[in-house]
Amino acid sequence: MRVELVKRPQQSALFSALSPFIALLLTLLAGAVMFLFLGKNPADALYYFFIEPLLETWSLHELAVKAAPLILIGVGLSICYLSNNWNIGAEGQFIIGAIAGSILPVAFPGFQSPIVLPLMLLMGIVGGAAYAGIPAWLKARFGTNEILTSLMLVYVAQLFLDWLVRGPWRNPEGFNFPETRNFHAYAVLPEIWPASGRAHWGFVFAILAALVLWFVLSRTLKGFEVKLIGQSPRAGRFAGFSRSRMIIFAFLVSGALAGLAGISEVSGAIGQLRPAISPGYGFTAIIVAFLGRLNPLGIIAAGLVLALSYLGGEAAQISIGVSDKVARAFQGMLLFFVLACDTLIHYRIRISRRVVAAKPIKAPAGHA
Amino acid sequence: MRTKKTFLALTAAAALGLAAAGAAEAQDDPTKACFIYVGPIGDFGWSYQHHQGLLQVEEELGDAVETAYLESVPEGADAERAIERFARSGCDIIFTTSFGYMDPTNKVAAKFPDVKFEHATGYKREHPNVATYNSRFHEGRYIQGVIAARMSEAGVAGYIGSFPIPEVVMGINAFVLGAQSVNPDFKVKVVWANTWFDPGKEADAAKALIDQGVDIMTQHTDSTAPMQVAAERGIKAFGQASDMIEFGPETQLTAIVDDWGPYYVERVKAVREGTWEQIDIWAGLAEGHVVMAPYTNMPDDVKALAEETEEKIRSGAFNPFTGPINKQDGTPWLAEGKVADDGTLLGMNFYVEGVDDQLPN
């Protein structure tokens with residue numbers, strides 16, 4: 001007996017739309033089973049995990065803090081993925097954006113003026129875009145595999161940051177601890193509504209970016225070009241669109257948004273550079289982009305869901321004493337079910353009982 | 001478990017209320033003590049020992065206290081949220097147990113003046129509701145140095161450092177001074193793991209040091225990996241933060257055990273009784289905050305010397321940082337008979353003679 005995946009001639013539009021919700025539901029069910037095995041009441045556990053963090057204003061602020069980078073990076077990635085450019089290096093672009101944006105407050109702390117913050121944001125955007133430009137240029141010019149180049153540049157960025165905060169940028173008053181000086185008041189991204197919590201303007205940037213990209217994708221020629229080249233490069237060529245220019249465009253947009261996310265996080269949430277400034281936002285944003293169906297509005301919702309899984313992990317740890325690793329398990333299950341649902345929408349399972357001895361077993365072509 | 005405990009406490013309180021039939025005042029709410037750990041409580045090192053302190057608080061104060069903890073909280077943006085979550089969830093006292101929580105602790109403390117904050121190993125007390133506490137681990141390091149110099153044939157010990165902050169540098173120096181009191185030519189090789197807890201990196205560091213010829217291993221990181229590597233490679237080692245004898249029954253010479261329990265009990269009681277005040281405490285062997293694990297796997301004369309050294313330090317007859325001491329480059333630092341003051345030690349950013357490493361800068 002063997003199990004095969006057979007491509008469906010037609011995909012159900014209904015289930016394509018429902019797929020993220022089915023995936024969420026399956027994740028919740030699997031989560032309930034997991035809690036049962038951990039000896040916790042699943043209803044309590046799911047309540048603390050997914051409901052409790054939404055009940056208080058300050059917690060909603062924290063949700064916005066956590067969701068901002070995920071949404072910003074996620075919407076940028078959607079342009080890349082829609083146009084068939086597999087940018088896996090958003091984490092690196094996030095870090096380089098943070099570093100470029102931090103040049104002013106760290107290296108020139110004496111330069112204090114209201115212009116500092118806008119300059120920092122701009123430098124963060126440029127830094128992230130430039131860093132994404134490397135794999136883009138390599139792909140457009142030499143046809144290198146952007147999955148590998150963009151991913152490997154993440155490690156370069158991480159080590160560069162590590163070197164900076166331990167070496168030239170280390171806080172002279174920091175007792176040798178690997179971190180830069182704290183940003184001065186002009187370099188801190190303000191909180192939106194300081195009286196009730198610490199959500200900063202990064203969340204506003206994220207929502208604006210999502211709205212703008214949604215408009216571009218659904219209402220403009222550029223959006224049509226992105227999707228056309230992604231779905232059929234040949235048709236794109238006939239339409240007179242340049243594939244290499246699209247590669248550069250997609251990577252620059254995605255890198256710029258990741259860079260903006262980086263400098264917003266550092267300037268709004270952390271207040272200094274440290275050896276690790278991201279708990280893997282650039283990678284989690286890949287889940288966010290797919291969970292949001294590569295639609296910027298969907299990505300806002302997906303970003304909030306993933307952010308909730310971080311907060312819920314903490315809440316569940318405090319209230320019912322489950323391990324902090326549960327949040328990671330949830331994120332993993334979510335991605336698994338999203339991809340599984342998508343696969344089953346595009347393919348159906350055929351179980352053939354005939355034993356085919358001579359034929360080599362071929363792995364089904366994956367749908368990414 | 002905690003929910004159950006709360007439930008029990010509530011039931012008990014309700015029963016008591018009924019029994020007293022309103023004649024007596026209702027029992028006070030339990031005091032809520034909350035702990036934030038940088039590593040997992042299963043690290044068998046730093047965070048494990050803090051958690052032992054929590055357990056002691058539960059044991060000694062019983063129903064008068066309710067506890068909660070968060071483990072593996074990264075230093076940085078997430079720490080502030082974790083601390084704030086605790087402050088909002090009704091904690092009366094919050095222990096933040098890693099150096100990197102210093103700024104987040106002070107930030108949150110500003111917003112919650114009624115909650116008490118206790119930050120381990122830091123130096124910033126920006127608000128009256130922030131206290132700091134630390135232990136004189138270097139006293140134990142000195143004893144380890146004495147033992148190392150007697151036990152080592154190579155005359156070189158390996159030292160796995162976490163971050164080159166004064167706390168760690170001070171420990172390395174104390175170890176070297178202890179060793180040199182036995183063998184003036186003794187050397188220490190240092191490898192920086194740049195992490196508090198990463199068994200993989202710590203094991204690699206241990207292997208690298210052993211390959212460079214050290215035959216005694218000591219560490220200022222929190223996992224048991226270096227002890228296990230030392231056991232595999234047949235050299236001796238010192239445990240860190242907790243008694244790691246189970247991980248190296250034939251390897252561990254002794255361990256510096258951080259005993260936070262008595263301090264935590266005292267501070268939680270103080271909150272309960274309304275006598276809590278901001279303090280900055282730095283206690284050691286004498287107060288029982290630093291405890292040496294049994295001296296094992298060594299000849300009796302070495303053990304006797306170790307015990308004698310421990311007693312000298314405990315009684316205050318001897319301070320590990322007593323001159324003459326030269327800096328690494330040979331320039332004099334402390335004159336004959338002079339003792340370093342606490343301020344200098346807490347800001348220590350230089351090696352003494354005999355450390356075979358360049359301090360990263």
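This is a predicted model: local features need pLDDT of at least 70, side-chain atom pairs count only at pLDDT 80 or more; totals for chains, interfaces and linings use all residues.
Residues are numbered from 1 along each chain as its sequence is written, while chains are lettered from A and ligands numbered from 1 in the order in which they are written.

Let's start with chain A. For its 368 residues, a compact globule would have a radius of gyration near 21 Å, and the 22 Å of chain A agrees with this. Along the principal axes, the C-alpha atoms of chain A fill a box of roughly 75 × 60 × 40 Å. Chain A has 13 helices and two strands; helices (H or I, at least four residues) and strands (E, at least two) are DSSP runs, numbered from the N terminus.

How much of chain A is buried? Buried residues make up 49% of its 368 residues. A residue is buried if 20 or more other C-beta atoms, placed from the backbone, lie within 10 Å of its own.

Two residues are in contact if their C-beta atoms, placed from the backbone, lie within 7 Å. Among contacts in chain A between residues at least 6 apart in sequence, 78% join residues at least 24 apart.

Now turn to chain B, with its eleven helices and 15 strands. Its radius of gyration is 22 Å, close to the 21 Å that the globule rule gives for 361 residues, so chain B is as compact as a globular protein of that length. The C-alpha atoms of chain B fill a box of roughly 75 × 40 × 40 Å, taken along the principal axes. Of the 361 residues in chain B, 52% are buried. Among contacts in chain B between residues at least 6 apart in sequence, 63% join residues at least 24 apart.

Finally, look at where the chains meet. The contact takes 18 residues from chain A and 24 residues from chain B. On the side of chain B that touches chain A, helix H1 (2-20), strand S2 (65-70) and helix H3 (77-88) of chain B are the elements that give two or more residues. H3(B) gives the most, with six residues.

Conventions:
The radius of gyration is taken over C-alpha atoms; the globule rule is 2.2 Å times the number of residues to the power 0.38. A residue is buried if 20 or more other C-beta atoms lie within 10 Å of its own, exposed if 12 or fewer, and partly exposed in between; C-beta atoms are placed from the backbone.
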